[in-house]
Amino acid sequence: MRETLFKDNFWTTDLISTAGYDGIIQHLNDGRKNCKEFEDFLKERASIEERYGKDLINLSRKKPCGQTELNTLRRALEVFKQQVDSVGQSHIQLGQTLREEARKMEDFREKQKLHRKKIELIMDAIHKNRNLQYKKTLEAKRLYEQRCRDKDEAEQAVHRSANLVTQKQQEKLFVKLAQTKTALEDSDRVYQTNVGALEKIREEWKNEHVKACEFFESQETERINYFRNALWLHVNQLSQECVKNDENYEEIRKSLEQCSIEKDIEFFVNARKTGTVPPNPVVYENYYNTQKNAAPGRNQAPAPGRRPKLPIPSSGPLDPEYSTVDGYSLIHHH
């Protein structure tokens, strides 16, 4: 089994430093944030697909599109609107699928967070215990070193005062020296005990750190693999949607192939024809000629809808017959 990269590259020489561990935790938090961002992206894309699908359905059902066409083109238009409706339904379904994928990403992210939390609690506790023991050890060391200095000073005082003080004073110095030696032995024992306890905690921390790094690297491997596969699946879903849409549009193309210009025109002619005989030409009818040819004493009304023919003059414009209307002559004789 190979050594983990996390363990091999996140040690620190400072016993109480958490720089390496903090770097791993920050990276894992960033990875979790990235998963959340992709999750939000999927939700937003799902909303876009659902809105688009609903708009297509409303368009196909409510917006007129060649509603007065006849026969084969009418059937092609019906297929067109049906397939646009199907495309809309497909996009709504895609939106629902994307929401499901976002939910799976959220479940995965929360599951990793829960598992990580257990390890983090263990590491936080051991860090706290290690730091407390380290401080106790440093305090024990400080006290031990002070007791060493006290003992050295007591010894020097005894040597300096060997011939300068009274017997009673010298006895006091020996008593003080004995007390400093006893205090030194006590502090030395406490110091060594704390060093031993710290070493035990250090070994425990080191082992837990290795296990935590192995677990975190395993999680990160799982997360990257899951994220990569989720993105791959998303792209495949979009491609599949394009395939479905093209299948719908292919149905429209097939219906248009069945559209016949000749049949549609023939269908219109047969359904709306009004006759095969055109109306007669309108001829010129002279009003005066019609009046002249009318029988005397008979009041013949012209046929309804027909204009009476005008009389055609038989004499010159200055002839009395042409210039006389109802016995009144327009010619003045001088």
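**Notebook: contacts, burial and surface in a predicted model**

I began at serine 187 and listed its contacts, leaving aside neighbours within four places in sequence: they are Leu143, Tyr144 and Arg147. The model is a predicted one, and the entries below should be read with that in mind.

**Serine 187**

I placed serine 187 in helix 4, which covers residues 167-257. Is serine 187 buried or exposed? I count serine 187 as buried, because its relative accessibility is 5% and the cut-off for buried is under 20%. A polar atom of the serine 187 side chain lies 2.9 Å from the backbone oxygen of leucine 184.

**Lysine 151**

Next I looked up lysine 151, which sits in helix 3 (residues 71-160). Which residues does lysine 151 contact, leaving aside its neighbours within four places in sequence? I found Leu177, Thr180, Lys181 and Leu184.

**Cysteines**

I looked for disulfides, taking a pair of cysteine sulfur atoms within 2.5 Å as the rule. The count by this rule comes to 0 disulfides. I also noted the accessibility of two cysteines. Cysteine 65 is partly exposed at 32% relative accessibility. Cysteine 148 has a relative accessible area of 19% and is therefore buried.

**Valine 269 and a nonpolar patch**

Ile261, Ile265, Phe268 and Val269 make a nonpolar surface patch of about 390 Å². I located valine 269 in helix 5, residues 261-272.

**Whole chain**

Last, I noted the totals. The chain has 7 helices and 2 strands. How do the elements run from the N terminus on? I read the order as α-α-α-α-α-α-α-β-β. Of the 334 residues, 29% count as buried. The accessible surface comes to about 23600 Å², and 55% of that belongs to carbon and sulfur atoms. For contacts between residues at least 6 apart in sequence, I recorded that 77% join residues at least 24 apart.

How values were computed. Residues are numbered from 1 along each chain as its sequence is written. This is a predicted model: local features need pLDDT of at least 70, side-chain atom pairs count only at pLDDT 80 or more; totals for chains, interfaces and linings use all residues. Side-chain values use heavy atoms; hydrogens and water are left out. Patches are made of residues with over 30% relative accessible area and no salt bridge: like charges are joined within 9 Å, nonpolar side chains (Val, Leu, Ile, Met, Phe, Trp, Tyr) within 5 Å. Accessible areas come from the Shrake-Rupley method with a 1.4 Å probe; for residues, only the protein chains shown count as cover. A salt bridge is a side-chain nitrogen of Lys or Arg within 4 Å of a carboxyl oxygen of Asp or Glu. Helices (H or I, at least four residues) and strands (E, at least two) are DSSP runs, numbered from the N terminus. Buried means under 20% relative accessible area, exposed over 50%, partly exposed in between (1.4 Å probe, protein chains only). Contact means heavy atoms within 4.5 Å. A polar contact is a pair of N or O atoms within 3.5 Å; within protein, one must be able to donate a hydrogen and the other to accept it, and residues adjacent in sequence count only if both atoms are side-chain atoms.
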